[in-house]
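Hi everyone, thanks for coming. Let's take a quick look at this one together.

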Amino acid sequence: MIELDPPLRALRDRCRDAAADLRSRALSVDADPADMADHLDSPTLAMVRAASTPKRFQDPSGWQGEYTDSCLSRAVASLELAGGDAGLLTANTGPALAGIAVDALGSETQQEFFYGSIADGRTWTFFAMTEDARGSDATAMETRLDPDPDGGYRLFGAKRYVGNGSRGATGVVFARTGRSPLSIRAAIVRCPTPGFAGHALEMTGLRGALISELSFDGVHVPREMLLGAHLPASRRGIWGASRTFNVMRIQIAAMALGVAFAARDYVCDQRPGWSGHELTTARLAAARALLYDAANEVDLSPDDRRTPSIAKLHLTDLAVQVTGWAANALGPGSLLLHPLLEKWCRDVRAFEFMDGTSNILRLHITHGIATRRPTS
Ligand SMILES: Cc1cc2nc3c(=O)[nH]c(=O)nc-3n(C[C@H](O)[C@H](O)[C@H](O)COP(=O)(O)OP(=O)(O)OC[C@H]3O[C@@H](n4cnc5c(N)ncnc54)[C@H](O)[C@@H]3O)c2cc1C
């Protein structure tokens, strides 16, 4: 079992304190996720933006540090911050998931361009992979990057369920340059631009993420915006990004668990002395140990899909169970009387679909077991 060392404990405490700022804004962003103007100055969101920016691109006058340099530190921070509000975390400007893809696939010049384009702290990014009915099997995607006779490429197709897509100004869009899975590539796209359209979809949970539908009708993509040209052919596109999905699964698991802890604490606060907390508290403590172990395992074996799949499968399910337990614990009418709890009950259901649904994770887990080499 992983014990946090002093720097990780300090990170945990810092994020736990910072979570209160997110909590104070949670219901307002849930009610109107498009209205982020006042919230972008939140010191906690500024810290998250800075922490997810590589040190060499950080603003020297802002928060200095990086908690995204290991999967374990990401897990520790995300768990605590999501206890404040997961919706706010997904509503933030800054590198987010697109940044992880650019770090994995971009050349130094492309990284400089990407981080320079969002340095003002007011710019949303998006990561556009999913297509309608082609979510779980991204290799079946149909969005195309066709060669442009005038140079570069033209992007044609549509994406769905893209976080912050309709308000994003710098996106990473996955598309195919040919029919083979290796021809799926990613490009940086700056918006608005001719041929691009995006609109937000109605959401029930994690409304801050403003998931959107995007269309690309001949959007011009300069050749230098195609990521991965400096990498071997097998690591230029979707396969090159696969390690980032393992990290994201841990981060989503951590956020789900953070919401579950928040719901447990809320019940403890509203019904102090009630004996029903003990089992839930024990399950949450065991889940946190699983999360830290799994995050550490990803740091040690970044290509292993089984461990992060186990963590995400278990923790997203546990979060749904714990919020349901909390609603029952507070009695009939609890969801009407406790707006935060009602929000958490909606939010936790969205985690299952982010970065691999539970069925897909089960497939990864069984595949991992079936192909595991026996230890001698
Ligand atoms: C809050 C939120 C934020 C998101 N953000 C982004 C984003 O920023 N960028 C992005 O690109 N996408 C994003 N997504 C989309 C997400 O990645 C997809 O929803 C997910 O990949 C599932 O795809 P789908 O919704 O098309 O479901 P489908 O793939 O159509 O699956 C529907 C159901 O069928 C099951 N299923 C599918 N294939 C199999 C199989 N082979 N075996 C057994 N069962 C199967 C699934 O488990 C699921 O229950 C987001 C989604 C949510 C909810």
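So, the chain has 11 helices and 7 strands, where helices (H or I, at least four residues) and strands (E, at least two) are DSSP runs, numbered from the N terminus. Keep in mind that this is a predicted model: local features need pLDDT of at least 70, side-chain atom pairs count only at pLDDT 80 or more, and totals for chains, interfaces and linings use all residues. Residues are numbered from 1 along each chain as its sequence is written.

Next, overall dimensions. Along its principal axes, the C-alpha trace spans about 70 × 60 × 40 Å. Of the 376 residues, 48% are buried, meaning 20 or more other C-beta atoms, placed from the backbone, lie within 10 Å of the residue's own.

How is the chain divided? There's domain 1 (6-97 + 112-116), domain 2 (122-234) and domain 3 (242-370), with bounds from an automatic or database domain assignment. The centres of domain 2 and domain 3, taken over C-alpha atoms, sit 29 Å apart. Domain 2 puts 4 residues into the contact and domain 3 puts in 6; "in contact" is C-beta atoms, placed from the backbone, within 7 Å.

Now, helix 10, residues 339-351. Its end C-alpha atoms are 19 Å apart, which agrees with the 18 Å that its 13 residues should span at 1.5 Å a residue; that expectation is 1.5 Å times one less than the number of residues. Which residues are buried in helix 10? Among them are L341, W344, V348 and F351. Their cover includes helix 1 (6-31), helix 3 (71-91) and helix 6 (242-270).

Key: Buried ≥ 20, exposed ≤ 12 C-beta atoms within 10 Å, placed from the backbone. Contact = placed C-beta atoms within 7 Å.
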